[in-house]
Every structure is written in structure tokens, then in C-alpha cells.
Amino acid sequence: MSATPLFRSPVLVTGGAGFIGCNIADRLATDGHDVHVYDALSRPGVERNLDWLQRRHGRKISFTRGDVRDEDSLAAAAREASAILHQQGLWRPCRHRVRAGGRRLSAQ
Ligand SMILES: NC(=O)c1ccc[n+]([C@@H]2O[C@H](COP(=O)([O-])OP(=O)(O)OC[C@H]3O[C@@H](n4cnc5c(N)ncnc54)[C@H](O)[C@@H]3O)[C@@H](O)[C@H]2O)c1
């Protein structure tokens with residue numbers, strides 16, 4: 001049985017197609033929340049996580065393919081969100097710069 005959703009508008013999950021992000025998105029949708037997955041699909045294979053989420057939860061999951069470094073795209077997604085969970089991650093050397101940039105943009 002799902003509880004009354006805490007948030008009225010979608011929860012934005014950056015990196016929402018990734019390992020941690022898709023599990024958070026699944027939990028939120030199971031609890032009755034609308035979830036906006038924002039992901040560049042840059043890690044190979046994560047599109048399968050997105051397919052899984054959409055099959056399980058249908059219209060509760062919306063998706064934007066976007067990069068957290070794209071300020072306009074991320075700001076547009078954040079504007080509609082009631083909360084933001086920043087789970088985007090990279091394993092490449094620039095990952096700290098990208099994560100910090102994404103956190104800064106999410107916070108704005
Ligand atoms: N998995 C763990 O056990 C674990 C433990 C501690 C910390 N972390 C950290 O949590 C974060 C998420 O981990 P994960 O295991 O879910 O990683 P993951 O690679 O499965 O997911 C990261 C997601 O971010 C997306 N992404 C990457 N660059 C992006 C960008 N510029 N814009 C938008 N989306 C982008 C990828 O496509 C992917 O879907 C990472 O920073 C990781 O270092 C993970």
C-alpha cells in the first residue's frame with residue numbers, strides 16, 4: 001500500500017537511470033510520487049534501468065536526456081521539481097568537477 005505522497009510535483013533525480021538513481025526513483029514511484037529522471041545516459045547500459053523503471057511505473061516516471069553541465073536544461077527541469085536528488089556520477093578523472101557543477105546547478 002502506498003502512502004500519501006509527500007510532494008505534489010515531481011521529484012527530480014539527476015543520474016536517475018544509474019544504479020543508485022534508479023533504485024531511488026523506483027522507491028519514490030512505489031511510494032506514489034511522480035519522478036523526473038534526468039540523465040545523459042552516458043554510462044553504457046543504464047538505458048535498461050530506465051526501461052525497467054518506465055515499465056514498472058508508467059506515467060509516474062518522466063525522462064529528460066540531459067547533461068547536468070547544461071545549465072538551461074537542468075534549470076528547466078529543476079523549476080518544475082518539488083525536490084532534487086543529485087545522483088549523477090562519473091568514473092572518469094573529471095568526475096569531481098562534474099559532480100560539483102551538478103550540485104551547484106541543482107542548488108540554484
Ligand atoms: N554505487 C555505489 O556503491 C556508490 C557508493 C558511494 C558513492 N557512490 C557515488 O554515487 C554516484 C552514483 O553512483 P552509481 O553507482 O549510481 O553510478 P552509475 O554510473 O550507475 O550512475 C550514474 C548516472 O549518472 C549519469 N551521468 C553521468 N554523467 C552525467 C552527466 N554529466 N549528466 C547527467 N547524467 C550523467 C550516468 O548516465 C548514470 O546513469 C556516483 O557519484 C558514485 O561515485 C556510489
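Reader: Which share of the contacts in the chain with a separation of 6 or more is accounted for by residues 24 or more positions apart?

Author: The model discussed here is a predicted one. Its chain holds four helices and four strands, and from the N terminus on these elements follow the order β-α-β-α-β-α-β-α. Among contacts with a separation of 6 or more, the share that falls to residues 24 or more positions apart is 70%.

Reader: What percentage of the residues in the chain is buried?

Author: A residue counts as buried when 20 or more other C-beta atoms lie within 10 Å of its own. In this chain of 108 residues, the buried part amounts to 31%.

Reader: Which residue in β2 is the bridge partner of Val-13?

Author: Strand β1 covers residues 11-14, and Val-11 and Val-13 point one way from it while Leu-12 and Thr-14 point the other way. β1 and β2 run parallel and are joined by four bridges. Val-11 stands opposite Val-35 in β2. The bridge partner of Val-13 in that strand is Val-37.

Reader: Is β2 largely enclosed by the rest of the structure or largely open, and how many of its residues are buried?

Author: In a regular strand, side chains alternate between the two faces of the sheet. From β2, Val-35, Val-37 and Asp-39 point one way, whereas His-36 and Tyr-38 point the other way, and all are buried. The strand is therefore largely enclosed by the rest of the structure, its buried residues numbering five of the five.

Reader: Is Leu-41 buried, partly exposed or exposed?

Author: Leu-41 is found in the loop between β2 and α2. Its phi is near 50°, a positive value in a residue other than glycine. A residue needs 20 or more other C-beta atoms within 10 Å to be buried and 12 or fewer to be exposed. Leu-41 has 17 within 10 Å, so the residue is partly exposed.

Reader: Which residue follows α2, and what is its phi?

Author: Helix α2 comprises residues 46-57. The residue that follows is Gly-58, with a positive phi near 55°.

Reader: Which element gives the largest share of the shell around the ligand?

Author: Of the 22 residues around the ligand, those that come nearest are Gly-15, Gly-18, Phe-19, Ile-20 and Gly-89. Two or more residues of the shell are given by each of α1 and α4 (95-107). The largest share, three residues, comes from α1.

Reader: How many residues of the shell around the ligand are nonpolar, polar and charged?

Author: The shell around the ligand consists of 22 residues. They divide into nine nonpolar, eight polar and five charged.

Technical notes: Residues are numbered from 1 along each chain as its sequence is written. This is a predicted model: local features need pLDDT of at least 70, side-chain atom pairs count only at pLDDT 80 or more; totals for chains, interfaces and linings use all residues. The expected span of a helix is 1.5 Å times one less than its number of residues. A residue is near a molecule or strand if its C-beta atom, placed from the backbone, lies within 6 Å of it. Ala, Val, Leu, Ile, Met, Phe, Trp, Tyr, Cys and Pro count as nonpolar, Asp, Glu, Lys and Arg as charged, and the others, Gly among them, as polar. Two residues are in contact if their C-beta atoms, placed from the backbone, lie within 7 Å. Two strands pair if DSSP finds at least two bridges between them.
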